[in-house]
Amino acid sequence: MLSFTIALIVLIAGYFTYGKFVERVFGMQPDRPTPVQTMADGVDYVKLPTWKIFLIQFLNIAGLGPIFGAIMGVMYGPAAFLWIVFGTIFAGAVHDYLSGMLSIRKNGASLPDIVGKELGRKVKGLMGIFTLLLMILVGAVFVYNPADLLAMLTPDHLDKTFWIVAIFLYYMAATLLPIDKLIGNLYPLFGVALLFMAVGILVMLYVNGAGMPEIWEHFHNQKADPAANPIFPMMFVSIACGAISGFHATQSPMMARCLATEKHARPVFYGAMVTEGIVALIWAAAAITFTGGYASLQEFLGSGSPAILVNNISKSWLGTVGGILAILGVIAAPITSGDTALRSARLIAADFFGVKQKRVMKRLAISLPIFALCFVIMLIPYDALWRYFAWSNQVLSVFTLWAITVYLARHGKNYHITMIPAMFMTSVTVTYIFFAPEGFGALTELLLGVGIGYEIALGIGLTATAVMTWIFYSWKNKLTVDSKISNPA
């Protein structure tokens, strides 16, 4: 437990040290008017208490990622713990904080507008379509798991179809109603429940964790087939929400429209990501400790789902109350990401077409095509949806990090705090797309009878990173030359 304790302390310390450094680099201005002060509309721009915004942001970005992703991702070995800690501090929390701050500075702009402003109109159009489709995909993906669980817990006549319809109707209400009516009232309750469960598991880890292997022990890939699942890039996509996730940047603008002052942005955006990293760290450790080691966890996951393991751990360690909270968390977490994903889709579409959202009929006009497309996507098998969501999510983080890097360089700020994560995530994502079964490798295997080898995929990923870096420095050098011409000595 020594290494787990160190990891936990480092993660918390990262918020107070590196988080403060990033805040200073960006140039937070506590007295600068925020969008809710100048554009309040009673629907999306609604002033909320900071503690409530934090809990909403936490649930928006969490879903099942820091629980299920950490449980499955820990099979990559001790490297998973290091990725959760340092990925959160230096990549994920920076990504979330700066995307939130850029939205605040741009009147609550949605992600495609933020990226388009920095990377150009063509990229804005591409990002608008890509992000909108991804949000609808998230809404569709996060219907199945809670519907399955609710069907198992209720009478037979309340089957999976009934719960899919019920959840979808809730999504429609959460998308259309003012943010303080449904989301603002329900999320704090669910957020407290999820955090209470995590704290309870943390306490029981110290009670039961004597046999937990230290990070420096067995430091190798614990997957049954390491060659097919190399740590780079597979682990960095498998553990997304517990380290860095592009989906988060689509959620930050919703809360950017509700913050009363910029000084609360670090607790809300950077802090929510660090909290998610802590939850991921706890559940990764709990999975290893409860099952008795990597081999036992591999065996369990081979015959059971992470949901069953979460339920078993909670009931065994926390009793009846823990079991109730586990069910609440596993059901509520994906629903509270799915509904805000569709709400984000409405905001993105409204911003793209320039449609004000104060009147409910205009909100409905934007939302109906989104609901229809989401329903159609739900007809696609769940396994296929989830596979493509994984890497699409990280593609979003790559574009967001590069856009923020351009913004920082344009304003003479320390752009390395996002350029280094951008380079790393570019190499991870491109390598994954070409190597993973759900990427281009599957297409070449179908057409040519052979997949793309790991070394080739890695070479493509590194080459793409080098090209992106070259493009950035070429632009930056031109920016410097133009600045000297327009401001001669």
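1. In this predicted model, Asn 145 has a relative accessible area of 24% and is therefore partly exposed, since that class lies between the 20% limit for buried and the 50% limit for exposed residues. Asn 145 is located in helix H8, which comprises residues 121-153.

2. The relation of Asn 145 to Trp 317 may be noted next. Along the chain these two residues are 172 residues apart, and their C-alpha atoms are separated by 23 Å.

3. Helix H8 packs with helix H15 (residues 306-353). The axes of H8 and H15 are 8 Å apart, and the angle between them is about 155 degrees. H8 is therefore roughly antiparallel to H15, because angles over 145 degrees fall in that class. The crossing in which H8 passes H15 is left-handed.

4. A separate point concerns the surface. Leu 2, Ile 6, Val 10, Leu 82, Phe 86, Phe 90, Trp 216 and Phe 219 make a nonpolar surface patch of about 760 Å². Two or more residues of the nonpolar patch come from each of two elements, helix H1 (2-16) and helix H6 (79-105).

5. Trp 216, one of the residues that make the patch, lies in the loop between helix H10 (183-208) and helix H11 (231-238). Its relative accessibility is 53%, so Trp 216 counts as exposed, the cut-off for that class being over 50%.

Note on methods
Residues numbered from 1 in each chain as written. Predicted model: local features only at pLDDT ≥ 70, side-chain atom pairs only at ≥ 80, totals over all residues. Heavy atoms only, no water. Patch = residues over 30% accessible without salt bridge, like charges linked within 9 Å, V, L, I, M, F, W, Y side chains within 5 Å. Areas by Shrake-Rupley, 256 points an atom, 1.4 Å probe, with all protein chains shown as cover. Salt bridge = Lys/Arg side-chain N within 4 Å of Asp/Glu carboxyl O. Helix = DSSP H or I, 4+ residues; strand = E, 2+ residues; numbered from the N terminus. Buried < 20%, exposed > 50% of the residue type's maximum accessible area, 1.4 Å probe, protein only. Axes fitted to C-alpha atoms, helices over the stretch in contact; angles between N-to-C directions. Parallel < 35°, antiparallel > 145°, perpendicular 65-115°, else oblique. Left-handed = near helix turned anticlockwise from the far one by under 90°.
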